[in-house]
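Let us walk through this structure step by step. Begin with the sheet, then turn to the helices around it.

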Amino acid sequence: MMEILQDVMTNEYLSFLKAQFDDMPLGIFVTDRQGIISYMNRNASSILGYRVPEDASGASLRDIDAVINASLMNSLSQIVEGRNLVLPEHRCSNRQGHFAILNVYVSPFRRQAEETLGIIGTLQDVTESARRKAELEEAILELSILAEVSEALSSTADLDEVLRIILTGVTANQGLGFNRAFLFLIDADGGYLEGKVAIGPSSPEEAGEIWSRLSRQQKSLKEMLEDYSDRENVSNYSLSSLISGWKIPLSSETFFSRALQEGMGINVTGRDELPESSREIMRRLHTVNLAVAPIISKDKKLGIIAADNQITGKRISSSDVKLLQTFANHTAVAIERSRLYDNLVEHAAELELINRQLAESQEQMIRVEKMSVIGELTSSIAHELRNPLTVIGGFANLMLSTGGMDGNSEYLNIILAETKRAETVLHHVLDFSRASRTKTRLIDFNQLVTATVQLLNSKLRHRHNPPTLRLTDARLPVWGNPDQLQHALLQFMLISMEELTDGCNVIISTLEREQKALMNIDFSGGDQAKPQIIKTLKQIFGSSTGTQKLSIIVAGETLRYHGGNYGIENVPNEFPRIYVELPQYKGGSDEETSCG
Amino acid sequence: MKKLLVVDDEDHIRKLYTDVFTREGYRVETAATGDEALEKAASTHFDLVILDIELEETSGLELLKRFKESFSNLPVILNSAYSTYKADFHTWVAAGYILKSSDITPLREKIKELVMI
């Protein structure tokens, strides 16, 4: 090249240019038409591994090819004829065997538009920038994985789902690409790491099957994370069972404890000198090289992600561990958020339950208060009726006793009988309304039933066998008007007892069922007692009329106003049973209860 | 002849008791209000008073108290449509508490017991 330039330039200018070429960051070389090197600047000699440019004197393109393996000699004739050769990011090694990435550009070397004298080539060493570019691409990939996993994690608050997404991200080829991943979480007391879930094949055969299927599907990481069924497929329950229920004490000397204490990932290999507790972990996971990353959120230790390449045997690098740690840091937030969400849901459910119970209690109290108002109204009407009945019946009696209406005594007797009947009805109604005057309060259902049975016994003294009373040990608080409820319970007991013959017995029991306080009235006796019991039940629940029926209607309404009910229950191989139920009070447990 | 004073704001009750107990040999006078009853008791000796509780102008229980203050030996039978007053200790100074009913027998027997006919 210099010879050509000598024809057109002064020696002084030529020396200046040579110095400029030597200092250029680009390697430049020139050959003749046969490929013999006629010029090489300092940078080119450095790239190709010559000590100084002069060492390349007389060398040919073959010598350059021998170093950078670019087949320049094969392309020489084509270049001389006018073609350019471009080899971008050509990977090679120099004469000293150092790895290099070169941008190679070779073109014909002509003397102004005249014949081609040879070729001129430039060598640009882009090894460092290519390395940085690769690092950048790797960082972008990491960010991309984290972004996709992040997006998937934000779509759920379910902890199991979160854990599966995390492990899918660790094991997916489009993710961190580990063969297997294990997740351990610290228990509530903070004393143990508990094995939770594992993902990955448990044998090479299974790995081949799963990976070839995933390869055919050609899914992106995002698609894999979004597709729950695939997540199910890549997860392996036998692998999960390997760690499920496994509790590792944090106090023991293991690489898990160390990773949590130091807050840093660890690359554990079988070659390391490990304490027995750590070797046990490696044995149990059937692994010789394990990446371990602690999951820590704001100084709160949550657990461990461990991953390996047990199937492929690929060595885990420090950058793999670093990436796993970045991943673990990222997922800590998701796990913490999921737990907070679970707590929130739990508290919301508790609040909802309390609100519902409060609403039910309020509704029940309102019903009971309404009952009191109805009682007051009933009372005043009943008293207003008692005076005229007294007058009607009184005069009818007077007329009958004086014989002042001979021939009409039959009618007078009818008036008297109906007056008496009306007075009996009034008596029942007034009993109910008297009960309405009592204030509502918390009542012990067992005490209420006991007091009612005592009242029953006093009313039926010497007439029947007293009923057998069987009380549950459970505390049965109910809310209501104790007098009203006692009146209601008494009506069922009275009717059950009054019509029974001597062969029949009655058992009154209390129990708790489906958050309700129950009083059962059971009958016992031989077959001869059956017709009488059936008659009694018909009286209570049939369509007949009469004062007993009225009592049951009032008693039933009283129960319903208290949120309760009554009915008949068929008991296999036994007599039918009368039951009375009231809702259990769910308010504060420290309130006093009383039977009134 | 024993004298009874019937105190009730119901005309027909007064008429009933007058007719029934007159036929049974009592001399019966009636009063519709508390003031009228006290006036009659002050001017006439009665052997017994039959007293309604729910009077229009004054409470029968208040009247009972005044009878006891002014005529401590005069027995008073409370006769009411309401059974609830039985629980009121103010009624305990009365000689009896009989619920109004078409069957006058309980009242009749109580009167007999108190005036010892």
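Two strands pair if DSSP finds at least two bridges between them. Strands (E, at least two residues) and helices (H or I, at least four) are DSSP runs, numbered from the N terminus. This is a predicted model, where local features need pLDDT of at least 70, side-chain atom pairs count only at pLDDT 80 or more, and totals for chains, interfaces and linings use all residues. Residues are numbered from 1 along each chain as its sequence is written.

Look at β6 (residues 180–186) and β11 (residues 300–308) of chain A. Six bridges join these antiparallel strands. Ala181(A) stands opposite Ala307(A) in β11(A).

Both strands belong to an open, antiparallel sheet of six, in the order β8-β7-β6-β11-β10-β9 (chain A). β8 (247–249) and β9 (266–269) of chain A stand at the edges. Each has a single partner strand, so one side of each lacks a neighbour in the sheet. Neighbouring strands are turned by 25° against each other on average, direction ignored.

Now the helices. Axes are lines fitted to C-alpha atoms, for helices over the stretch in contact (heavy atoms within 4.5 Å). Angles run from 0 to 180 degrees between N-to-C directions. Helix α7 (residues 159–171) of chain A lies across β6, β7 (192–199) and β11, at about 145° to β6(A). Helix α14 (residues 318–402) of chain A packs on the sheet, touching β6, β9, β10 (289–297) and β11. Its direction makes about 35° with that of β10(A).

Finally, find α6 (residues 127–154) of chain A, with 28 residues. Its buried residues (under 20% relative accessible area, 1.4 Å probe, protein chains only) include Ile145(A) and Leu146(A).

How values were computed:
Chains are lettered from A and ligands numbered from 1 in the order in which they are written. Side-chain values use heavy atoms; hydrogens and water are left out. The expected span of a helix is 1.5 Å times one less than its number of residues. Buried means under 20% relative accessible area, exposed over 50%, partly exposed in between (1.4 Å probe, protein chains only).
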